[in-house]
Amino acid sequence: MNQPVLNLSPKVSDEIRKTTCYMCACRCGIDVHMINQPDGSQKVSYIEGNRDHPVNRGVLCAKGSAGIMQHNSPARLRAPMKRAGERGSGEFEEISWEEAYSIAESWLRPIRETDPSKLAFFTGRDQSQSFTSWWAQAFGTPNYAAHGGFCSVNMAAGGIYTMGGAFWEFGQPDWDRAKLFLLFGVAEDHDSNPIKMGLGKLKKRGAKVVGINPVRSGYNAVADDWFGITPGTDGLLILSLVHCLLKAGKIDLEYLRDFTDAPVLIDADPASPTHGLALLDDDGHKLVWDRTEKRARCYDAADVNPDLAGVWDVDGVRHRTVFVHLAEKYLDAAYTPEAVAGRVGIPAPRIRALASEIARVAFDEAIELDREWTDFRGRIHKTMKGRPVAMHAMRGISAHANGFQTCRALHMLQILIGSVETPGGFRFKPPYPKAATAHPKPHSKVTPGAPLDGPHLGFVQGPADLALKDDGTPARIDKAFTWDNPMSAHGMMHMVISNAHAGDPYRIDTLFMYMANMAWNSSMNTSGTMEMLSDKDANGDYVIPHIIYSDAYSSEMVAYADLILPDTTYLERHDCISLLDRPICEAEAAADAIRWPVVEPDRDVKGFQSALVDLGARLGLPGFVKDDGSRKFADYADYIVSHERRPGVGPLMGWRGNGEETGRGAPNPAQLDRYIENGGFAIAHIPEEAQFYKPWNKAYQDWAVEIGLFDKAAPYLFTLWCEPLRRFQLAAEGHGDRQPPEPLRARIKATMDPLPIWWDASLGQDGDGEFTVNALTQRPMAMYHSWGGQNAWLRQIHGRNPMYIPTKLWELHGFEEDGWARITSPHGAITVPVAHMPALNANTIWTWNAIGKRKGAWALHDNAPEVKEGFLLNHLIHELLPPKRDGMRWSNSDPITGQAAWFDLKVKIEKVSAPDGARSKPDSGTQKSPVGKGPDALAWEVG
Amino acid sequence: MTALPTTTKKKLGLVIDLDTCVGCHACVTACKGWNTQNYGAPLSDQDPYGKASGTFLNRIHSFQVTPERDDGAPVLAQTVHFPKSCLHCEDAPCVTVCPTGASYKRAEDGIVLVNEDACMGCGLCAWACPYGAREADAAAGIMKKCTLCVDRIYNENLPEIDRQPACVRTCPAGARHFGDLADPTSDVSILVAERGGVDLMPEQGTKPVNQYLPPRPRDTIGMTGPATGAADTLSGEEDILAPFLASVTEEPQGFLGWLDRALEKL
Amino acid sequence: MHPAPSVILFSSLSGAGFGLLFFLGLGFPITTGWVAFVFYAIAYALAVGGLLSSVFHLGNPRNAIKSYSQWRTSWLSREAWAAVSALLVMALYAALQVFFAITVPPLGWLGAALSLATVFTTAMIYAQLRAIPRWNQPATPAFFLASALASGALLSGNVVAAIVLLLALAAVVAFHWWKGDRRFAEAGTTIGTATRLGGRVSLWEKPHTGENYLTREMVYQVARKHAVKLRVIALLMMSLLPVLLLLAFPAHHWLAAIAVLLHLAGIITQRWLFFAEAEHVVGLYYGAHIGRAAAH
């Protein structure tokens with residue numbers, strides 16, 4: 001019998017176009033296979049990872065591999081639209097771009113001429129923030145930010161304020177050398193492919209992976225050891241580890257002495273007006289105690305020999321080193337494993353065992369690379385020593401009200417064992433390392449008809465940098481950079497709608513948003529937000545007068561806007577993943593990338609950034625028009641190539657000037673073509689001797705200047721002692737001109753400790769003991785926010801999100817398979833399906849985020865499980881905490897950064913019978929789909 | 001045809017590492033994409049934007065595992081992500097039951113395929129397979145199954161490095177390996193030997209070619225033996241820790257005294 | 001297994017049809033002319049109707065003709081050959097009886113043997129499947145044959161044979177149930193062998209939210225209480241009530257017809273259970289049958 005003859009070498013495609021994925025924020029390189037059509041056009045037939053790409057090296061996740069279904073989604077918007085019914089109804093009329101622009105202009109021009117702060121412009125999962133912020137700055141409004149405030153600003157700010165860089169885009173574990181890897185609070189989807197690739201490398205080498213997470217799924221499922229911690233107590237666990245390591249002397253003294261502020265002298269006199277601030281020389285340099293010369297000296301002197309234990313009296317004021325403060329604080333018995341075990345939900349012996357494992361690997365398995373390097377003091381080191389304990393963390397530890405200090409605690413732990421920027425530890429990715437002091441400060445000075453006085457967002461160093469008006473009221477609609485949350489480095493997008501609705505601190509005219517599903521999963525208090533967006537005043541006018549929204553798809557937020565600017569899909573657009581913004585660098589290379597239209601849109605849509613270029617030109621915004629008033633950029637692609645942020649430095653680093661220059665050089669009109677030829681990205685490798693110890697490595701600093709990351713070498717010390725925090729504390733203690741409002745004084749004193757602290761952030765959430773169960777969400781690896789719900793393949797994988805219940809609660813409440821529960825918080829109630837999950841913290845429930853959909857959204861049919869059973873936990877979370885006994889309502893966010901405290905939620909559970917039609921509650925109503933419904937069958941073969 | 005070859009020159013197959021699979025479903029959609037566009041009829045979806053149901057050749061199941069100790073003491077529960085596709089069995093029951101000769105096992109490499117031109121969609125092969133590796137495509141009316149990307153692994157239009165199944169090429173964690181399991185010197189055979197790779201349902205007598213590498217032992221830090229206690233009380237012996245966490249603060253001058261001496265030694 | 005009406009009808013009706021052909025082929029009774037015509041019409045309606053209904057089960061009937069190619073290995077292919085051979089041989093035998101009143105006994109014996117062989121091949125399609133332990137036992141072909149013979153005896157009016165065969169059928173079916181309830185454990189396939197994971201294993205998340213071909217086709221579960229009730233009903237209708245009717249009114253035509261209908265309804269119930277109670281081992285991967293342990 002003969003087997004059939006197969007063609008084993010069928011043609012795969014006619015052409016491969018290489019661009020950058022946008023199925024999540026990971027920015028992998030993709031090979032898009034194209035097949036020629038009889039009419040001469042090309043269609044996308046298959047998408048796979050780009051093997052040459054620095055981010056993903058050829059691999060691609062479930063989302064990326066299903067990109068073709070996003071590109072073909074029936075939920076794609078087709079043309080600009082203006083609202084034809086009430087807000088929320090989803091009734092729209094398609095209009096021309098000309099009409100859309102003239103409507104937008106009719107709202108925006110008067111605002112700009114009278115009071116630019118009446119525009120609130122916020123972008124969501126935007127990857128062009130350096131451009132959108134530049135537009136907002138040119139417009140002149142102080143009200144701009146992206147989604148960092150409700151995502152992971154604690155992680156970013158905690159890292160930057162402590163060590164000049166943080167996790168994810170800012171750095172990465174040394175996957176090739178780490179022998180012990182600690183993963184704190186990372187949702188399954190974060191840093192999608194690099195973490196999976198890294199875990200694969202660790203596993204291959206037999207390195208140990210430790211997961212610290214209430215939920216054992218995804219990355220934690222492959223962790224060799226799992227610590228099912230109680231949510232919000234990571235900081236306490238870390239400080240206990242610090243306690244154990246200090247007590248055992250398992251800390252890297254040489255590293256602390258040479259590269260951190262541990263030897264810096266701090267004013268230790270409670271009566272002093274500079275109590276808690278560093279002792280400086282006349283030039284403002286921090287002083288350390290020199291062990292050899294027995295005197296205070298500048299920290300960067302070539303022959304300085306800092307003492308970690310120095311004590312020095314200057315003019316009768318006692319100064320002690322940071323390290324002495326630190327040791328005193330954490331050697332306290334309050335941090336013994338026994339003292340914290342109950343709270344963190346992990347037995348003391350296991351905590352001690354983890355500390356011991358860290359100590360063992362860091363010091364008994366230390367590694368040394370045979371690479372000579374020169375530090376910023378000019379000292380030559382023959383080798384690069386490494387402590388092969390790497391750590392990574394993300395939203396799970398940062399989305400708590402104590403998240404900023406927790407993130408700082410984690411970085412302190414890394415620094416104490418000398419595992420930051422050393423082999424086997426954590427490594428920065430360009431443009432990091434970069435000290436907090438090297439970043440801009442926030443700007444908020446509004447002048448009618450003129451640009452803002454500088455960049456919106458930045459890193460405050462003390463009360464003087466707050467964004468307050470002369471009368472002391474908040475300058476920004478989101479109240480970022482105020483006494484409520486002074487170090488809100490990413491703004492506070494989650495407060496915009498409720499503040500605009502309340503007219504607090506002032507009323508706005510136009511809310512302009514991009515790619516942020518605020519009427520659904522991107523808001524706390526979803527039902528309330530929907531009401532605020534559609535609320536009317538006594539005159540019958542909307543309280544928020546105008547809403548402009550740009551999105552590529554028919555999301556829930558679309559229904560709440562007055563004017564829709566339809567965006568393209570990711571395969572139809574230009575983008576730059578820029579060093580000015582959130583680049584795709586690796587620890588050993590600077591890299592950036594582009595997106596380009598591998599297919600032209602077949603709808604009347606436009607990349608949002610190109611629409612902003614058009615609007616900027618129509619409004620005559622500085623930078624968007626030439627001197628003669630004519631438009632400066634044809635579109636976003638033109639901006640990417642032509643714009644210079646500083647002379648010779650633009651959005652893209654590759655092939656500048658004559659096409660041979662990297663980093664610095666004049667604009668090159670052929671730049672995008674060169675990127676396309678190179679697979680959509682540019683890469684500049686860091687010399688070998690510059691690849692570690694970067695903040696202090698002369699070779700790295702020189703390389704960074706050469707490539708244009710900064711203009712002069714800027715080495716710095718890691719700051720275990722966060723002086724900006726101390727400056728706010730000093731103000732709260734009554735020092736200085738700018739004083740906090742009385743009700744905030746005590747909180748600032750308590751929370752803004754210059755050394756990492758922990759407090760129970762869930763207090764105030766538990767309704768005096770009524771709500772005791774922690775409730776969390778995480779995104780699955782195969783979904784990215786609400787986008788996945790329209791994807792015919794991905795939604796088959798995750799079309800349902802039961803509330804997962806741990807064994808103890810499952811048995812306590814007598815739940816059964818396919819059962820339902822009513823989950824209540826101080827703010828609201830939801831009725832949802834439940835499922836049992838043994839590998840879960842015993843007092844925590846959780847569900848997949850953003851699976852639930854509003855009826856009519858995303859072109860889904862009404863029988864979709866996402867519409868029927870799917871639900872959002874958001875309904876239970878309010879942007880404010882329940883009222884305190886004094887009637888005050890504190891914001892449900894970190895008092896330092898304003899980071900939304902999603903994960904401090906406390907609930908109670910009751911078993912209930914299945915609701916009518918097995919439909920979860922609340923019912924969020926229906927919106928009319930402006931794009932119809934998806935087809936009844938698919939078999940997507942491109943011929 | 002539906003008589004199985006007595007031997008195959010090669011035994012091409014997958015080695016799936018359950019210690020490393022994070023359950024990301026990348027292999028699932030990469031497979032769906034490639035096989036919708038390539039070999040035979042596209043993998044269709046019914047009611048794709050409502051109560052969807054589609055054809056997939058590779059699916060990931062997720063299990064909760066609670067190890068059991070001899071003394072009955074509870075142990076921390078674990079989560080295991082479990083990808084499953086055709087195992088290209090040596091004694092493939094799906095092939096011999098096929099009445100039309102559509103199902104066959106290739107003599108040269110052992111890949112089990114469906115010749116779609118001969119399939120009448122009776123579904124008996126799916127009944128015969130203990131693993132659920134075959135699905136009837138509701139639109140095409142024929143049986144679909146993993147082809148081990150037979151149209152990739154020999155495809156001269158692809159760069160040599162890409163001549164591997166789509167699921168393996170895309171797997172971010174490197175939990176999927178492809179190779180010749182008949183060759184004891186191949187990377188996959190060595191991996192199976194080193195990591196104790198196993199057959200699924202050996203008692204079914206199918207002799208699967210694909211091998212699964214079991215998860216390594218979990219939750220061992222600080223444990224002298226298997227852990228005891230429930231999730232929130234898991235506890236262990238700590239005597240082995242002494243050398244790493246011996247206290248320096250009990251020295252005569254306390255912590256600062258130790259610090260002074262330690263700095264002096266640097 | 002999903003109790004698909006097309007397959008249940010096929011196996012019940014065609015079994016009865018081939019059973020009737022078996023008795024006619026053996027010459028019990030020998031008939032000619034119109035009487036023969038009616039007997040054969042009933043037999044062919046049942047056998048061919050059953051076969052046709054099974055064609056509705058095919059996803060791609062265009063290739064059905066190819067199912068004759070794999071008789072060396074495939075029981076389904078053998079069934080196709082056996083069925084066509086039986087129908088052709090019996091057609092010749094029948095034509096001679098109906099039109100020429102000629103009975104050629106050797107031809108009838110051949111046809112009878114082929115008819116029984118058809119039923120056996122049908123049974124073997126199920127019995128061969130190791131992945132469905134309940135079916136994978138010798139009692140499966142035994143009850144298929146007993147069922148065809150009992151139906152055939154009943155339909156052909158061989159009252160004594162019918163009584164004996166109906167009782168035998170009841171016994172074989174009861175044994176099949178008894179043994180079937182133990183087969184999953186005997187097969188030794190458990191969630192442990194399916195995943196090779198140690199300890200207590202339970203399904204946490206299905207691979208996909210919705211149903212798929214496998215879950216629809218093979219992860220059908222029938223409630224235990226429900227199944228017991230149906231078994232009693234099947235046994236009563238399939239065997240015991242017809243036997244009582246035959247014993248009480250051996251020559252009453254109307255009551256015989258009722259006995260036949262009861263019997264066929266019982267057979268259909270039994271076949272529904274045959275599918276609905278059959279647990280495919282793939283169900284383990286979908287969280288079904290996880291509570292079951294292997295037999296020790």
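Q: How many residues does the contact take from chain A and from chain B?
A: The contact takes 94 residues from chain A and 84 residues from chain B. Two residues count as in contact if their C-beta atoms, placed from the backbone, lie within 7 Å. This is a predicted model, where local features need pLDDT of at least 70 and side-chain atom pairs count only at pLDDT 80 or more, while totals for chains, interfaces and linings use all residues. Residues are numbered from 1 along each chain as its sequence is written, with chains lettered from A and ligands numbered from 1 in the order in which they are written.

Q: Which strands of chains A and B are joined by bridges?
A: Strand β35 (residues 937-938) of chain A runs antiparallel to strand β2 (residues 45-46) of chain B, with 2 bridges joining them. Ala937(A) has Gln46(B) as its bridge partner. Strands pair if DSSP finds at least two bridges between them.

Q: New topic! What's the strand order in the open sheet of chain A?
A: The order is β12-β16-β15, with antiparallel pairing. At the edges are β12 (265-267) and β15 (311-314), each pairing on one side only. The twist averages 35° from one strand to the next.

Q: What lies across β12 and β16?
A: Helix α10 (residues 322-330) of chain A does, running at about 75° to β16(A). Such angles run from 0 to 180 degrees between N-to-C directions, using axes that are lines fitted to C-alpha atoms, for helices over the stretch in contact.

Q: What about chain C, how many residues does helix α3 have?
A: Helix α3 (residues 75-100) of chain C has 26 residues. Its reach from first C-alpha to last is 36 Å, close to the 38 Å expected at 1.5 Å a residue; the expected span is 1.5 Å times one less than the number of residues. Ala101(C) follows α3(C), and its phi is positive, near 55°.

Q: How many residues of chain A are in contact with chain C?
A: 7 residues of chain A are in contact with 4 residues of chain C.

Terms used: Helix = DSSP H or I, 4+ residues; strand = E, 2+ residues; numbered from the N terminus.
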